[in-house]
Amino acid sequence: MNIDRWMLIGFSLLCIIAIIKLLPREKVRDAWVLYLFLQIITWPAGLFAVEMGWIEYPTQLYPKANEYNRTSFSFEFFVFPIVAIFFSLYYPNKIKRKDALIYFISFAGFFTIVEVVLERYTTLVKYHEWKWYWTLVTVIISLFINHKYYLWFRKRLVKVESR
């Protein structure tokens with residue numbers, strides 16, 4: 001197994017540890033909503049970008065994954081949805097628009113920097129026509145949609161007393 005595949009395992013383990021250590025128990029259901037809804041956004045968007053030839057994921061966690069689906073299983077299905085969970089659960093309510101914009105750019109910027117480093121020094125992701133700022137913009141849009149959906153979903157919940 002090459003070093004790139006070990007990196008994918010490391011990212012996955014880091015996400016699992018973060019979920020175990022940082023996710024409050026009373027927010028587990030909220031985390032599931034955020035996790036699953038973000039996949040609705042990232043999965044078709046990732047497929048579209050890959051099928052258009054803009055981006056490629058030569059090394060996958062599973063060796064034969066590219067035969068069936070050429071998007072990044074680790075990114076689209078695991079790492080980014082977990083990042084989105086922490087983004088929304090720790091989103092500071094009642095902040096000014098300027099501060100909210102900084103919050104969005106900070107999360108998306110960190111994610112973009114990691115992807116650019118991986119693009120340059122590994123075979124985990126290869127840009128063809130894709131540019132780093134497309135990652136920044138699409139991550140911000142995805143986080144925004146996911147967070148708005150979460151706020152809408154939370155508004156409709158009714159607290160039920162347990163016996």
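This is a predicted model: local features need pLDDT of at least 70, side-chain atom pairs count only at pLDDT 80 or more; totals for chains, interfaces and linings use all residues.
Trainee: Where is Leu151 found?
Mentor: Leu151 belongs to helix α6, which covers residues 132-155. Helices (H or I, at least four residues) and strands (E, at least two) are DSSP runs, numbered from the N terminus.

Trainee: How does α2 pack against α6?
Mentor: Helix α2 (residues 28-51) packs on α6 at an angle of about 135°, and the axes are 10 Å apart. That angle makes α2 oblique to α6. Axes are lines fitted to C-alpha atoms, for helices over the stretch in contact, and angles run from 0 to 180 degrees between N-to-C directions. Angles under 35 degrees count as roughly parallel, over 145 as roughly antiparallel, 65 to 115 as roughly perpendicular, and the rest as oblique.

Trainee: Which residues of α2 and α6 make the contact?
Mentor: From α2 come Asp30, Val33, Leu34, Phe37, Leu38 and Ile41, and from α6 come Ser142, Ile145, Asn146, Tyr149, Tyr150, Phe153 and Arg154. Contact means heavy atoms within 4.5 Å. By class, the contact of α2 with α6 has 9 nonpolar, 2 polar and 2 charged residues. Here Ala, Val, Leu, Ile, Met, Phe, Trp, Tyr, Cys and Pro count as nonpolar, Asp, Glu, Lys and Arg as charged, and the others, Gly among them, as polar.

Trainee: Changing topic, how do α4 and α5 cross?
Mentor: The axes of helix α4 (residues 73-89) and helix α5 (residues 97-121) come within 11 Å and cross at roughly 150°. That makes α4 roughly antiparallel to α5. The crossing of α4 and α5 is right-handed. A crossing is left-handed if the near helix is turned anticlockwise from the far one by less than a right angle, and right-handed if clockwise.

Trainee: And which residues make that contact?
Mentor: Phe75, Val79, Phe80, Val83, Phe86 and Phe87 of α4 meet Tyr103, Phe104, Phe107 and Phe111 of α5. The contact of α4 with α5 has 10 nonpolar residues, no polar and no charged ones.

Trainee: How many aromatic pairs does a search of the whole structure find?
Mentor: The search finds 24 aromatic pairs. Rings of Phe, Tyr and Trp (its six-membered ring) pair if their centres lie within 6.5 Å; planes under 30 degrees apart count as stacked, over 60 as edge-to-face and the rest as tilted. One of the pairs is Phe80 with Phe111, which is tilted, at 5.1 Å centre to centre and 45° between the planes. Phe80 lies in helix α4 and Phe111 in helix α5, so the pair ties together parts that are 31 residues apart in sequence. Both Phe80 and Phe111 are buried.

Trainee: What of the pair of Tyr91 and Phe104?
Mentor: Tyr91 and Phe104 are edge-to-face, at 6.1 Å centre to centre and 65° between the planes. Tyr91 lies in the loop between α4 and α5 and Phe104 in helix α5, so this pair ties together parts that are 13 residues apart in sequence. Tyr91 counts as buried at 15% relative accessibility, and Phe104 is buried at 8%.

Trainee: Where is Lys94, by the way?
Mentor: Lys94 is in the loop between α4 and α5. Lys94 has a positive phi of about 60° although it is not a glycine. Most residues other than glycine have a negative phi. At 88% relative accessibility, Lys94 counts as exposed.

Notes
Residues are numbered from 1 along each chain as its sequence is written. Side-chain values use heavy atoms; hydrogens and water are left out. Buried means under 20% relative accessible area, exposed over 50%, partly exposed in between (1.4 Å probe, protein chains only).
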